[in-house]
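Hi,

Here is the structure I promised to pass on. Have a look at it first, and then read my notes below.

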Amino acid sequence: MPLSKRPVYVLFIFTAFRLIFISMPANAQIIHTLSLQPEISIDYKVNEKLSLNFNNYWLSDNIEKLYPEGIFYSSSESQHTITTIYMLNNNFDLGAAYELKINHNKFVNNDFTNRSIEFVNFSITVEQLSISQRLQFEQHYKNTIVFRNRYRLALKYPIYKNSNGINKLNAVVSEELLWSLNTETKAKLNQRFIIALDYQWNRLISSEIGLQLRTRNISESNSSNIIIGLITIGIDLHELF
């Protein structure tokens, strides 16, 4: 059965609008950085309602440093997260997580930040177009406690299905707003825009590759940064048992 074209139009219009009109502030300092961000995500379904996720990523600011230093040594930051997700119904999920972020520095001690996270997900499917929204609340523990909130809208649409009707290749577009608050500084508003392709290799392994645009301090129009080479490997351990 041919795929309906209407969700494709929605995906295209959303992406075009984001890139043309609000890709970055008019007076922002544009920083084009060729970076690599490999990510490994492992899922395990405990039962029909409860699941666990283990996520790790490493971000290298300059791809030229990858050789001979290697991705782990040249990374400017890494992030390690353990998440518990509870499915209320087919549309709503609740979750909580612990996250450790490390800013790597070769000349001084690494900078560690502990985070606690709570979130709610809402997702629906309209004519094969998956639409998901996430509202997330974070507490960053360092010298002081920083409260950061995040809202993400993500669209996913199948481009290719195999003979069994299983989605093998999907187009993914997401937009996320992040705003931070604490008692010592004024609010900071950031943006993250991702466009990617997701491929399901088998029941166990999937991968995603794409681009990410990060805009920092939108209210002050400080800077924008492009990450090229956003790579994610997903593993579903539940399929092994």
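Let me start with Glu138: at 1% relative accessibility it counts as buried, where buried means under 20% relative accessible area, exposed over 50% and partly exposed in between (1.4 Å probe, protein chains only). Bear in mind that this is a predicted model, in which local features need pLDDT of at least 70 and side-chain atom pairs count only at pLDDT 80 or more, while totals for chains, interfaces and linings use all residues. Residues are numbered from 1 along each chain as its sequence is written, and side-chain values use heavy atoms, with hydrogens and water left out.

Glu138 sits in strand S7 (residues 129-141); strands are DSSP runs of E, at least two residues, numbered from the N terminus. Its side chain makes a polar contact with the side chain of Arg150 (3.0 Å). For that term, take a pair of N or O atoms within 3.5 Å; within protein, one must be able to donate a hydrogen and the other to accept it, and residues adjacent in sequence count only if both atoms are side-chain atoms. Leaving aside neighbours within four places in sequence, the residues in contact with Glu138 (heavy atoms within 4.5 Å) include Arg115, Ile117, Phe147 and Arg150.

Elsewhere, Phe92 belongs to strand S5 (residues 92-103) and, at 33% relative accessibility, counts as partly exposed.

Then there's the hairpin: S2 and S3 form it with four residues between them. S2 (residues 37-45) and S3 (residues 50-60) pair in the antiparallel sense over seven bridges; pairing takes at least two DSSP bridges between the strands. Lys45 has Ser51 in S3 as its bridge partner.

Cheers
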